[in-house]
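Hi,

Here is the structure I promised to pass on. My notes on it follow below.

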Amino acid sequence: MDTKIKAHVRQILEDYLVANKCRRTPERYAILDAIYSIKGHFTINELNDELLKNNFRVSRATLYNALKLFISMHLVVKHIFPKSIKYEAGYQNSTHCHQICTICWKSEEVNVSSIEAAVNKMRLKRFHKEGFVLYIYGICRSCQSKAIH
């Protein structure tokens, strides 16, 4: 990911930790950097692997606690798919759609500008929209072709 974005989210974290009198641990910064180094969705295991690639070991509890913090800060998005839980970098990624195959359970992000435009036009009472995630379930082309043969 762009080094400017990495630097910016790192500064967001720094400002948050200082303002809330939280510990500024190297683990938090390393985990955030690893998250913004991964392209697309990732599991907790894939995040751990990314950290190990850089010779940085953290406990499973530290990973989950950091993810919980980053989710609350809108720096990470958590997706609960039918067969797995995945995460992705959330900065500048607050509106998107996923198509999910109900046979192989692969998920793919899709850009549907008409849906985004419709959600942006919505007027909700006593509610400020920050973003949305839409899941569209169906059968992918690969699984469709396997079913035909």
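Strand 1 (residues 76–80) and strand 2 (residues 85–89) run antiparallel and are joined by 5 bridges, with a hairpin of 4 residues connecting them. Strands count as paired here if DSSP finds at least two bridges between them; helices (H or I, at least four residues) and strands (E, at least two) are DSSP runs, numbered from the N terminus.

Before you read on: this is a predicted model, where local features need pLDDT of at least 70 and side-chain atom pairs count only at pLDDT 80 or more, while totals for chains, interfaces and linings use all residues. Residues are numbered from 1 along each chain as its sequence is written, and side-chain values use heavy atoms, with hydrogens and water left out.

Helix 2 (26–35) has Tyr29, Ala30, Ile31, Leu32, Ala34 and Ile35 buried (under 20% relative accessible area; exposed is over 50%, partly exposed in between, 1.4 Å probe, protein chains only). Those buried residues pack against helix 1, helix 3 (44–53), helix 4 (60–72) and both strand 1 and strand 2, with contact meaning heavy atoms within 4.5 Å.

Asn20 sits in the loop between helix 1 (3–19) and helix 2, and is partly exposed at 40% relative accessible area. A polar atom of its side chain is 2.9 Å from the backbone oxygen of Tyr16.

Overall, the chain has 6 helices and 5 strands, in the order α-α-α-α-β-β-β-β-α-β-α. Of its 149 residues, 32% are buried.

Cheers

Methods: Polar contact = N/O pair within 3.5 Å; in protein donor to acceptor, adjacent residues only side chain to side chain.
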